[in-house]
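Open the model in your viewer and keep the selection tool at hand. The stops below say what to select next and what is there.

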Amino acid sequence: MGFKCGIVGLPNVGKSTLFNALTQTAAAEAANYPFCTIEPNVGEVGVPDERLTKLAEIGKSATILPTRLTFVDIAGLVRGASKGEGLGNQFLGHIREVDAVAYVLRCFEDDDITHVENRIDPVADAETVETELMLADLDSLEKRRTNIEKKAKSGDKDAKTQVALMDKALVLLREGKPARLADIASEERAAFDALQLLTAKPVLYVCNVDEASAANGNALSAKVFERAKAEGAGAVVISAKIEAELASLPEDERQAFLSDLGLEEAGLNRLIREGYKLLGLVTYFTVGPKEARAWTITKGTKAPAAAGVIHSDFEKGFIRAETIAYEDYVRLNGEAGAREAGKMRLEGKEYVVADGDVMHFRFAN
């Protein structure tokens, strides 16, 4: 798995420009990182990872298969979306399907591009988006709670759990706070996620800045970063204009273009990194002559569940995992060298997979 990130924002903040630029950049990457359009507003990209290229070189792999990231360009939100304004219902439905939500916020001045509310205030824009999502969640929970409470009173344990979790979210929503701020125990997480609350999704604030501010941000983006820090959200500075220009260049000219602007990498890379950090994701690898492949799992995943990402049979029949740390694989020039140096480990069912592990699973049919 990779992860699915919804891109939302008010009209004219650069949301679709960013989506098009990011997906075009990925399309123009080397064949290692392919891009395909699933629907007009959905783009799937291979996650750039220099480690995977290096592993493929050492393992003499014929094919490189990166892990996947899906961007969903969700229809522009307007005030009143929670009541069906604009493409309200479609908008809200699309958000329910993603793992995280990227709020694209306008952090640039441009007299030629009007703002839907005639002001440049990214924090207020974020609050507009958030308010519509909170209103939708509040309406959804209040409609569902009565029936669930009846079941709870009849002694249904699952219903009792649901009511308790609903009430945690309702307290926050009625105070004008998103459901993701609820104090949820790890054993309650699956049941809480099952409520499908829009504001329970992790949020990544994407500050769309002018070219001059692409490297270090500006006063507007600084306000967004303050908000993100206060609520434990992610934040990243990107110039959609630069990303669009970058996407139009041949690959061999891109690094020079970025260097001239004082940038070390494309915005896509930064956005992916922040997204992975936000969702607590890590990557492990499988390497062989046929292919070198990256697999994304949640941090803390044990070896059998990690094997199950490849195929459910691997998890069911898991015996052990041959494991080499990425640094050891590279330093010792592959599996044979790592084995000779005693750096290949046989890990069992309780092993927690680390980011960068190169793994081969043994399993019983």
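Start by selecting Arg145, which sits in helix H4, residues 122-153. Helices (H or I, at least four residues) and strands (E, at least two) are DSSP runs, numbered from the N terminus. This is a predicted model, in which local features need pLDDT of at least 70 and side-chain atom pairs count only at pLDDT 80 or more, while totals for chains, interfaces and linings use all residues. Residues are numbered from 1 along each chain as its sequence is written, and side-chain values use heavy atoms, with hydrogens and water left out.

Show the side chains of Arg145 and Asp167: a polar contact of 2.7 Å joins them. A polar contact is a pair of N or O atoms within 3.5 Å; within protein, one must be able to donate a hydrogen and the other to accept it, and residues adjacent in sequence count only if both atoms are side-chain atoms. Leaving aside neighbours within four places in sequence, Arg145 is in contact (heavy atoms within 4.5 Å) with Val163, Met166, Asp167 and Leu170.

To display the packing, select Pro122, Val123, Ala126, Glu127 and Glu130 in H4, which meet Leu220, Lys223, Val224, Arg227 and Glu231 in H7.

Next, go to Cys5 in strand S1, residues 3-8. Is Cys5 buried or exposed? Cys5 is buried, with a relative accessible area of 2%; buried means under 20% relative accessible area, exposed over 50%, partly exposed in between (1.4 Å probe, protein chains only). Not counting residues up to four places away in sequence, Cys5 touches Thr70, Phe71, Val72, Val98, Ala100 and Ala102. For a distance check, pick Ile74: it is 69 residues from Cys5 in sequence and 9.9 Å away in space, C-alpha to C-alpha.

Two loop residues come next. Gln196 lies between helix H6 (189-193) and strand S7 (203-209), and is partly exposed at a relative accessible area of 47%. Its phi is positive, about 55°, although Gln196 is not a glycine. Most residues other than glycine have a negative phi. Asn333, in the loop between H13 and helix H14 (335-340), also has a positive phi, near 60°. Asn333 counts as exposed, at 59% relative accessibility.

From there, select Arg331 in helix H13, residues 326-331. Arg331 is exposed, with a relative accessible area of 56%, and a polar contact of 2.9 Å joins its side chain to that of Asp328.

Finally, show the whole chain and colour by pLDDT, the predictor's confidence in each residue, from 0 to 100. The protein chain averages 85, and 87% of the residues score at least 70. Over residues 26-38 the pLDDT stays under 50, and for this stretch the model has 35 contacts beyond four places in sequence. The chain has 14 helices and 13 strands, and of its 365 residues 50% count as buried.
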